[in-house]
Amino acid sequence: MAELKATFVCFQCKKTCSSPENLLNHLKIIHSLLNNFKCVQANCGREFCSLASFRKHINNTHFHPITNETRGAIPLQLLNLPQSSGTNPDSQSEAPVAHCNDDDKFNSDTLSDNPLINEIVALIGRLYSMSSLPRSIVQLVVESVTELMRNLSTYLKSIMEQLELTSQHVLAISNVFSDLLNVLEELGSEYLRFKYFTNLNTYIKPETFIIGEQPSLQKLRSRNDISNSTAMTFKKIEGQIIPLRKIFKLFLELPNIFQTIMSYMQKEMSLPPHLLSSVFQGQIWRNLVQKYPNDKIILPLLIYFDDFECCNPLGSKAGVYKIGATYVSLACIPPELATLLENILVCCLFYSSDRTAFGNKKIFSKLMDELIFLETQGITINFNTKKINVYFTVVTVLGDNLGLNSILGFTESFQANNFCRICKSTKAESKTQFVEDPSQIRTEENYLQDVETLSAGIKEPCIFNQLPNFSVARNTSCDIMHDILEGILRYEMAYLIDHLLTKKYFTLDNLNNRICYFNFAAVDIGNPLVEIKPEHIKKKYLIMSASQMLGFFSYFGILIADLVPEKDSCWELYTILYQIIDILLSRIISKQTIEYLEILIVEHHRLYCELFDQTLKPKHHFMIHYPTVILNLGPLRHIWSMRYEAFHKVLKSTANSVTSRKNILLTLATKQQLRLSYRFLSRQGFNDNITCGNFEDLASLKDFFILKQLLEKNQIEIDNLFHTSWLKVNSFEYKLGYASQINNDEETDLPSDLPQFGTIKYILGNKMQNIFFLIIQPLHLIGLNTHIGGYEVLDSMSTHDSINLIVMPIDRLLNHLCHNIHTMANGTKVICALQ
């Protein structure tokens, strides 16, 4: 095993340095030497009149070549180890040896006693974590900062000489710059930085795996060969996989993560059996936990697969650099945290063309090995001075219909006779099927029979069936993003608008004008509304993204419901579809609501076929399976593709920022691991991320005395309180004028059928305790208007006293989502029913 020792000694003060460059920096900064150098390495004694000759001598005579074992070893200064003051290697005061092996890891929260050194390491880590910043720019920044520090140290040295400071002061300040330059030199190359983060146990290198080999023609390059001949060679086809066992260990050991997960699981498991709010109330999880002892900790995993295009100016559908990406997330993270992109992890990357050429087994075999290890062997984490064994199991695989069918071994054509991966209904049957047929549902028994003959829409055995507790016939999922937002709504909203235009309730210009002036706020659902083009109506197909469609559908009733008669037949289809989507987007669903959902789907399919003289499309067919999937996995909102699709943008920004496409898979995988490395380095767990506007004194408010009376009534100390115009806690934003849902009089933990709303009048915060309060003015709720798709509200009549004001701590809010109060063209104030 190679060792790293500080063997380069200053002939002036006998200080040891860890490299020739550090010694030269020390001589220039501390001793201001530009000539007359003496070598004291190993009793050499040679003298040199120039820095260049001294540097050449040190490198050629006393600096041994760096081996793979010693390259990039952590400098002794950064490990807080005492350095040797002598040159005798046998001396008792010799510095401890820093070994560079995999078993010798260093914690990132004890980098150095010098905060400036820690700031340099943190800065480099943060630069690497920026998805759109190329690693070459990081190298340029490090080199520029190093040069700046050199020049600054020289300049300060001359200033200190003019000020006639004592030698001790000069030496102390010079030592600071010397230490900083030493750190920058030790982190001067990317190899050294990667080695450094690896030894800190924050950077987990992605692993390259061999998929197969492909024949390739290669030109024969020879100086005497002018025939430009070629030869057949075999090119190795590679993919990138992330060692999840290492990642999950570091992830769960971050502050407040493991305890948050365990608290959330305990809370969810204690809910009444008739309510479903997560995967823990689903039938799949309830059956799974019965197989294991109660004291065994098992965490549910969600695997997501999709293809995406990067580095292609021709568009996302060109397919030149089409990459297959597999992500993983923990289904036991609370929903408000699970939606954060930082909690989605990359686990496998490969070219989509390679999966087509070599098949799913070659692509996913390494991933299956990793998932099987996590389920059978598990990992050991350190928690509160204890070692805890944690196991993981895959509860379902997510993605769009085409992607899921392709990796799970089903036919990829939706024109096939058996296109559904959940049931065996034929294409002809699905066109008129309004309800799920239990006799056609795929089971583990009939799947085994069909896979032997590769019939009923099965192309190959599912590789995910290798997992101990996974069955492709049982652990099925649906995606409302692709089925509803990018499927059914594109057709049905075009049919609906065409019908309303034909009835002359309004013109397309009227609709687009209302869209243009619609007051869309940051808290509104989906993305800002876009205008409807005439060709979209003509083709009976709206071109919108999923987020745009979600916003357009949610506020379509608020836009033009005042112009449409309540008894219009097509508008009835819209209101039914609105109720369906309202249930599908709910975070808590009762089993009674699931039964009602099944009735709504039947009525929706019937009206669609009757009104538009159409048969059901494949995505209509997937809707009839929604009630069953909810009973198995919980609310579909928690397993839709929306956040995973957003994570594609992170990888795309990295791919678009680099100039080399030679190994884009390794580039993307490395960048994602560097993002994680910075999180592990900075110890970013599940702590609340709180930002707010400018702090202002309460006395500046015109209602100060009313607020003072209100706060005293609620026994809240007014000292150290301030007010601000906006507040953001994690992904939840609060602003003055927004509507917030308030608790009902019974103080129940679950929302009532008709929620109560109030307008945020003031946002107060305690500077010392980091506690925030909302001062809410209750709104008068008229009721739910199903024709509009929202709750009609009126402003409270009394606004000048504290009687009707409510003080609501942020952590006691029944629903942390705020709402925008929209005013319709007829003056009606509405809060959208969808959340």
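Predicted model: local features only at pLDDT ≥ 70, side-chain atom pairs only at ≥ 80, totals over all residues.
The protein chain has 835 residues, and 51% of them count as buried. Its secondary structure comprises 26 helices and 29 strands. The chain exposes about 39,700 Å², and carbon and sulfur atoms supply 51% of that area. Among contacts in the chain with a separation of 6 or more, 69% are between residues 24 or more positions apart.

Strand 13, residues 379-383, pairs with strand 14, residues 386-398, in the antiparallel sense, and five bridges join the two. T380 stands opposite N389 in strand 14. Two residues lie between the strands of this hairpin, and N384 in the turn has a positive phi of about 55 degrees.

Helix 16 covers residues 480-502 and helix 19 covers residues 546-560; the two pack at an angle of about 35 degrees, with their axes 9 Å apart. The crossing of helix 16 with helix 19 is left-handed. From helix 16, the residues in this contact are M481, L485, E486, L489, R490, M493, L496, I497 and L500, and they meet A546, M549, L550, F552, F553, F556 and I560 of helix 19. By type, the residues of the contact divide into 14 nonpolar, two charged and no polar.

In general, the strands of a sheet pair through backbone hydrogen bonds, in either a parallel or an antiparallel way. Strand 24 pairs with strand 25, residues 790-794, over five bridges in the antiparallel sense. Within this pair, G783 stands opposite E792 in strand 25.

Another open sheet has three strands in the order 16-19-20, again with antiparallel pairing. At its edges are strand 16 (690-692) and strand 20 (732-735), each of which pairs on one side only. On average, neighbouring strands of this sheet are turned by 10 degrees against each other, direction ignored. Strand 19, residues 726-729, runs antiparallel to strand 20, and four bridges join them. Here W726 stands opposite K735 in strand 20.

Is S590 buried or exposed? Its relative accessibility is 18%, and because buried means under 20%, S590 counts as buried. Leaving aside residues up to four places away in sequence, S590 touches H274 and L275. S590 and P273 are 317 residues apart in sequence, while their C-alpha atoms are 9.0 Å apart in space.

Definitions and conventions
Residues numbered from 1 in each chain as written. Heavy atoms only, no water. Pairing = 2+ DSSP bridges. Axes fitted to C-alpha atoms, helices over the stretch in contact; angles between N-to-C directions. Left-handed = near helix turned anticlockwise from the far one by under 90°. Contact = heavy atoms within 4.5 Å. Nonpolar A, V, L, I, M, F, W, Y, C, P; charged D, E, K, R; others polar. Buried < 20%, exposed > 50% of the residue type's maximum accessible area, 1.4 Å probe, protein only. Areas by Shrake-Rupley, 256 points an atom, 1.4 Å probe, with all protein chains shown as cover.
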